[in-house]
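Let's take a friendly walk through one protein model. Please have a look at the sequence and the structure first.

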Amino acid sequence: MASEAQGSSRPVWLVGAGFAIFAAIFASWTASSSGFDDFYITYVYARSFATGHGLTWPGSTGLGTSSPFLAVVLGSLSAATGIDLPQVANGLGWFAIAATATGLFALGRREGWPRAGLCAGLLWLLAIPAHNLIGNEYLPAIAAVVWAMHERSRGRLITAGVLLAVAAMFRAETGLAALILAALELRRDDLRGSVRRIARMALPAAALAAAWLVALFFLAGTVIPRTLGAKQAQVESRIGIWSATQGLESAIRGSSDVFPSTRQALWLPLALAGAAAVLSRRSPRPVTALALLAWGALHLGLVAALGISFQHWYVGPFRFALLLLPALAIESPPWPRPALRTAWSLVAAALFVAVLFDFRGEVQMLHEARPDGRRAAYGQVAQLAGLYPPGTRLAAWEVGFLGWASPRPVVDLLGLVSERATLANIRRGDLRANLDLLQGDLLMTTLGSPEMLRSTFGESHRFLADYRLDHLQLRPAPALTVYRRADLPGHGEVEIDLLGELPPSARIGPRKSADFALLSLELLPGERVEIALAPGPTRSLRFAASTPRGRARLITAVTVGADYRKHPRRLRDDHWEIVEALLPPAPAGGVISFLCAPESRKPCWVGQPFVARAFEPPPDRKRRPGRSGRPGAPGGHRPASQPNRPAVADAP
């Protein structure tokens with residue numbers, strides 16, 4: 001080990017250059033597709049910092065990012081280079097992956113496991129757990145921890161301390177690595193020297209961290225982001241959809257997320273072999289490899305102990321440590337017979353090459369990467385919000401993509417960025433109370449969770465007295481709705497929200513079929529409701545229909561003067577059937593009725609029924625009056641007078 005430690009650094013530079021080239025290629029492939037909704041919360045704060053507004057969220061003073069330091073770094077880089085923030089975050093993420101991979105190789109050279117270090121770097125460069133963290137603070141934090149351990153192995157304790165502080169500034173709990181490095185410096189026969197060495201790391205780390213906290217207080221007025229309390233409140237919420245142990249359970253079950261498909265059969269023996277090789281080795285002992293494994297496991301335990309709602313990136317350090325085990329199998333145990341060591345290395349290398357070859361799927365995925373579908377869908381909602389007067393507040397549960405794209409203030413019902421949203425309401429599962437506190441003029445809801453819808457709507461009839469449907473998107477995913485205050489003139493495609501026209505006796509509430517949950521009217525077999533149709537030109541009736549656990553038949557009828565049109569539908573419980581029918585001109589109004597046929601075995605659900613604004617079908621797609629929607633691409637017909645208005649899907 002000593003000879004390798006004193007050897008030329010040229011191999012490290014060459015390997016680092018190779019990793020950097022691959023990272024640059026991957027960065028170019030993913031420049032427009034990386035980043036989850038939560039990551040964009042940090043990007044909004046970074047944009048505010050870059051434009052001279054400090055670490056603020058538009059329309060709020062709450063510090064709602066778990067990594068304000070990342071926001072400052074991204075904002076500074078974007079301001080200096082003129083590059084768009086998501087692309088800066090993408091580039092920084094891939095740089096951190098390449099730096100981590102190079103650091104693993106450098107560590108291996110110092111401790112006598114260079115082949116394992118190189119293999120571990122290759123795995124981190126190609127593995128999905130790393131790719132899923134692009135744009136997140138964990139990637140630079142992991143890189144800082146790896147290089148801190150490398151610098152400590154070289155005796156550069158001050159530099160190691162600075163890097164530990166940088167890791168904690170990116171993500172606070174990754175600073176747990178400082179305790180592990182301090183433990184490595186303890187010597188039973190030299191306690192005084194141990195204290196001096198630990199102090200050489202601790203003092204610069206503490207000084208740098210303190211300087212950052214002072215700067216953060218001046219930038220944001222606080223040093224504790226709201227995210228910690230908000231995510232703990234989510235776990236304690238009566239809504240019941242979050243779990244503090246989900247991350248631990250997912251990490252234990254999710255080895256296939258690290259090595260999916262055919263690699264799973266090879267990963268386990270390689271991991272066990274790597275553990276055996278590490279534990280049996282005495283000299284040179286891979287101390288830092290063991291320290292990284294311990295850091296990953298302890299970090300996972302710390303995250304679970306915090307009691308916060310789980311996100312998959314919280315287990316990033318654990319998944320990173322998990323990648324070390326199969327790589328360490330390349331280094332054979334210290335058997336006395338060279339032939340056995342050679343045989344071990346050859347077999348392990350062959351298995352590792354097979355595992356590595358199977359990563360071609362990940363490379364192809366990177367090359368064909370597509371942006372998160374929510375980014376485009378929420379961007380359309382942001383465009384719709386832009387049609388409303390300045391100062392209109394858009395409320396939602398997920399606010400990253402919205403906050404990035406919306407020209408109007410975005411408020412957060414879950415309290416991450418909006419300080420007026422109380423955590424007590426989240427614990428009670430009463431998001432409707434937060435909606436009132438935040439005075440949301442528009443409300444965007446995704447349709448995957450009936451529990452979240454019930455919490456946000458509260459009592460359905462009261463909600464419909466205050467809010468009316470403005471936009472419905474069922475295809476493509478994600479399905480979502482946008483509501484507006486009832487006294488606010490609408491700019492979406494909805495002219496009449498039919499649920500809002502029903503009496504208090506109507507059974508209205510969120511109901512979920514296999515696809516998603518919709519605010520729906522429930523009709524028992526034989527039950528009929530009639531809704532008055534206001535006067536108007538040719539319009540479109542749109543709704544979704546389903547039934548719980550069985551089959552039913554829904555009959556929709558439209559009466560305009562002497563014109564009577566009837567549309568029977570057979571319903572199944574495995575999906576929502578999306579229906580669209582043209583309504584004839586109604587100078588004097590008319591009646592829309594829904595009847596659940598008496599022979600139906602189950603109730604009929606009429607989801608989000610509304611009358612769309614008048615439109616003129618394009619010449620090549622004219623339809624006969626009353627004809628229901630046919631299967632086709634999402635989008636439907638847009639009003640001719642407002643071509644940029646978001647449209648609802650017109651068929652499943």
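The side chain of Asn136 reaches the backbone nitrogen of Tyr138 at 2.8 Å. That is a polar contact, meaning a pair of N or O atoms within 3.5 Å; within protein, one must be able to donate a hydrogen and the other to accept it, and residues adjacent in sequence count only if both atoms are side-chain atoms. The table lists the polar contacts of this side chain.

| Partner of the Asn136 side chain | Distance |
|---|---|
| side chain of Glu137 | 3.3 Å |

This is a predicted model, where local features need pLDDT of at least 70, side-chain atom pairs count only at pLDDT 80 or more, and totals for chains, interfaces and linings use all residues. Residues are numbered from 1 along each chain as its sequence is written, and side-chain values use heavy atoms, with hydrogens and water left out.

Where does Asn136 sit? Its place is the loop between α7 (128-131) and α8 (138-153); helices (H or I, at least four residues) are DSSP runs, numbered from the N terminus. Asn136 counts as buried because its relative accessibility is 3%, and buried means under 20% relative accessible area (1.4 Å probe, protein chains only). Not counting residues up to four places away in sequence, Asn136 touches Phe39, Leu70 and Trp313, where contact means heavy atoms within 4.5 Å.

Now to the largest nonpolar core, which has 192 residues. Such a core is a set of buried Ala, Val, Leu, Ile, Met, Phe, Trp, Tyr and Cys residues joined through side-chain atoms within 4.5 Å. Leu292 and Phe594 have the most contacts inside this core. Helix α5 (residues 85-111) gives the most to the core, with 14 residues.

Technical notes:
Buried means under 20% relative accessible area, exposed over 50%, partly exposed in between (1.4 Å probe, protein chains only). Helices (H or I, at least four residues) and strands (E, at least two) are DSSP runs, numbered from the N terminus.
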